[in-house]
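I opened this entry to record what I looked up, chain by chain and then across the interface. The sequence and the structure come first.

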Amino acid sequence: MLRYDSTSSSAGSSSGSLSSSSSSSKPPQQDIDGLLAGAGYKVRSSELRQVAQRLERLETAMGNSPADFSQLASDAILYNPSDLACWVDSLLTEFAEPPPTCSSDFIVDPVNNQTVVNSAWTTAEPHTPQVHQNITYDEQQSLDNQLTVVTAMEEDSGIRLVHMLMTCAECVQSGDLSLATSLIGDMQGLLTHVNTVCGIGKVAGHFIDALSRRIFQGMGGGSVNGGSAFENEILHHHFYEACPYLKFAHFTANQAILEAFDGHDCVHVVDFNLMHGLQWPALIQALALRPGGPPLLRLTGIGPPSPDGRDSLREIGLRLAELARSVNVRFAFRGVAASRLEDVKPWMLQVNPKEAVAVNSIMQLHRLLGSEQTRNSPIDTVLSWIRGLNPKIMTVVEQEANHNQPGFLDRFTEALYYYSTMFDSLEACRVQPEKALAEIYIQREIGNVVSCEGSARVERHEPLAKWRRRLSGAGFRALHLGSNAFKQASMLLTLFSAEGYSVEENEGCLSLGWHSRPLIAASAWQAVPAWDNHMSSS
Amino acid sequence: MGRSKEVNLNECKMVVPLNTWVLISNFKLAYNLLRRPDGTFNRHLAEFLDRKVPANANLVDGVFSFDVLIDRGTSLLSRIYRPATAEEPQPNIAELEKPVTAEVVPVIIFFHGGSFAHSSANSAIYDTLCRRLVRLCKAVVVSVNYRRAPENRYPCAYDDGWTALKWVNSRPWLQSQKDSKVHIYLAGDSSGGNIAHHVALRAIESGIDVLGNILLNPMFGGQERTESEKRLDGKYFVTLRDRDWYWRAYLPEGEDRDHPACNPFGPNGRSLEGIKFPKSLVVVAGLDLIQDWQLAYVEGLKKAGQEVKLLYMEQATIGFYLLPSSNHFHTVTDEISKFVSSDSIKTIGERIMQCIGPLLCVDYVCLFKCFLG
């Protein structure tokens, strides 16, 4: 099984990730062929010829053994199809000789051993209007301007409700609370005429409540997210059962962790939010079945302290230890109780320098974002000590949403479409009480995004594009999730979930969404060694 | 075999711009990985490789888009593209389905290509193409994410197209101000062109008016091996073998290529004589191996007394319309724009241009200026 890591690619191919911090002097974006970018491929104009040559080699290689192809294709693991140069190279490595390290104008045809003079392109290009070729591809701009909406057929009253919600949110933003209040009343009346089974109608009620709380109770809104840790765990567990988002998160992260641990005998997973430890049985079993035998596995689970003398972390640890014992995996568990992730200090994790460390964060990093971007904010502190641990891998799963914008109306709008899509997907769930409790879980998130501010607002979701910038800037580089993770995620969906979910690959990261709207994104990272990082901040 | 392959590669490179060659070659090679000899399709790998883009309700170059679930039962999604208007330069997020305000707004129902098996409405190449169509024709474009083969054979794609047509026709917000009707055009490339034809066929007795069909390199075929198929097999990205594979994947099992879905004017086809079929604009690429079937389609329409305009692009290969880096691209887009706007001509200048119509590969603007002296 070939693991192709684009960061160690052969000479001449472009770097795997556009957001890599150790880039060449010329910003990659300006040299990208604008037309191919519109088709979803990133190729530097200066490399176009080389890529074409490699495609030709690949074609020749494929021509030589066509029957082997689709079988090879099923087994090969491919990464980051947008980076055309790297992708073609990885195929060449699978099917043919690796590409030459020096580019030349001559291709040797392996069949006939003849030399084909590749001069056709130097003179024969049809006239192309130059203006099209030199479009400056501004990735940053295109990513920041994104607002994805999926709607179902709405009746008129549904549409009216959306209008009123937006108007009300606008009033809240501008401080016109009396108009906002009367709109709340109108909307509650309208709710009785709207189909509340699916789409906007379903979720509108929760947004009306959240707005109303914001107006009447001020923005401490403590009670919204303040259910006990015990309650939160129950709701989380039901959300896990009712829809595939958390399963996808766990599954994808586990796959990446498993690969990162390959060849290591002592491994240590740090889970930023243990909950009921639902992610770990699958990893323990996968490690048990590993060729060459399982490693010694240490798991450090972080979670809130439990009231009334219970040690819930330890209880989960014991259950996992039992499972590990039953499959002959040497296992040790440690619980770290902390109310907030930023209260955790690295020494509490007792990482051994000889072990391979995996840091696993499922929807936790966003809680560290404050609304102000100060230096040494919790996110910077935590990312910095993670980097200090030099983990073999850091798996990050986050909601794919822009819920941390400073403007209330923008945030509200995003949340309205995000959560109505999520609720829509939940419609397919047939089991109770999982479905009802999952809805309450989501409802609490909505409440936090809409009616809380300051330190009370912890659901500060940011889209993958922002996380990429942030993590690259903090000294991490992306490890690409490949076609095997993608395939297994798709298969998981086909087996266990309703129609309508979709997995997408985006520059090495995978996302799961409902129809065409990604809702949750998974990525994997590694610390850039300190001497490589030209952008290290003092 | 080796010798002629070299010749093929070199010839091919000379007729397309480099970036188009890279794009289409990449597709060709990727698609080779996906088709299995036993007729199954590596769908997971296909979805992994397909470059997709999300809809964007914020304006980008004068166009915004959003997705709509048209039919829950079949998970039928469509992506709606709308132009910004003078009255509403930045659309309000809550008013995505705001009524169109112009006298006449063409609504183009677009079916993406992919030989019935590949691509989606949210594939980057098709998202880009649809946005161009919006700007070009000042139209609303509805791109249908129809079910694909081999998992969903005939007639699923046509059923989905028909569902979309009914949906579009019944949207009050898509009605033109002039007559409170939806001005519908069907368009598609490759398999999408085939779907457009068959959906138009289904619409005939339904009372839904389709104003025109735009077929870009439409996918048709038949049992017989035509001259163009033999001459161009394997020369310009496409082989007969892969064409056969896709038909076997789409057509009902056991059926051959003379099935009317594949060969509408063949031995099992239906005559369109005396039928009120929409006018058609058919674009044929001179280096496409299935052109004989496409030309036969045009003949079939003509023989039945239907209005059809053929645009034969001699040096064009398949996929030439995906990147605007060739003259072919601009000629075709000009024609499409005229085809769609000819139902609502406003200026004398435009009327004159329409009369000059049948001339191909002529710069209309130049001609018009000469005419005025």
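**Conventions.** I am working with a predicted model, in which local features need pLDDT of at least 70 and side-chain atom pairs count only at pLDDT 80 or more, while totals for chains, interfaces and linings use all residues. Residues are numbered from 1 along each chain as its sequence is written, chains are lettered from A and ligands numbered from 1 in the order in which they are written, and side-chain values use heavy atoms, with hydrogens and water left out.

**The chains.** I took helices (H or I, at least four residues) and strands (E, at least two) as DSSP runs numbered from the N terminus, and on that basis chain A has 21 helices and 12 strands, while chain B has 12 helices and eight strands. Burial I read as relative accessible area under 20%, with exposed over 50% and partly exposed in between (1.4 Å probe, protein chains only). Of the 538 residues of chain A, 55% count as buried, and in chain B the buried share is 61% of 373 residues. With contact meaning heavy atoms within 4.5 Å, I noted that among contacts in chain A with a separation of 6 or more, 77% are between residues 24 or more positions apart; the corresponding value in chain B is 74%.

**The interface.** I found 74 residues of chain A in contact with 67 residues of chain B. The two chains bury about 6,200 Å² between them, 63% of it on carbon and sulfur atoms, where buried area is the accessible area (1.4 Å probe) that two parts lose on being put together, summed over both. I counted three salt bridges between chain A and chain B, each being a side-chain nitrogen of Lys or Arg within 4 Å of a carboxyl oxygen of Asp or Glu. One of them joins B:Arg72 to A:Asp424, with the closest N and O atoms 3.0 Å apart.

**A:Glu505.** I located this residue in strand β10 (residues 501-506) of chain A, and A:Glu505 counts as buried because its relative accessibility is 7%. For polar contacts I used pairs of N or O atoms within 3.5 Å, where within protein one must be able to donate a hydrogen and the other to accept it, and residues adjacent in sequence count only if both atoms are side-chain atoms. The side chains of A:Glu505 and B:Arg51 are joined by such a contact at 2.7 Å, and a polar side-chain atom of A:Glu505 lies 2.8 Å from the backbone nitrogen of A:Gly508.

**A:Gln146.** Where does A:Gln146 sit in chain A? I placed A:Gln146 in the loop between α8 (139-144) and β3 (150-152), and its relative accessible area of 27% makes it partly exposed. Leaving out residues up to four places away in sequence, A:Gln146 touches A:Glu414, B:Pro54, B:Ala55, B:Asn56 and B:Asn58.

The UniProt annotation "active site", from an unreviewed entry, covers B:Ser190; UniProt positions are given in the numbering used here, feature names are shortened, and annotations may be inferred rather than shown by experiment. B:Ser190 lies in the loop between β5 (183-189) and α6 (191-203) of chain B, and B:Ser190 counts as buried because its relative accessibility is 13%. Beyond four places in sequence, its contacts include B:Gly113, B:Gly114, B:Asn217 and B:Tyr321.
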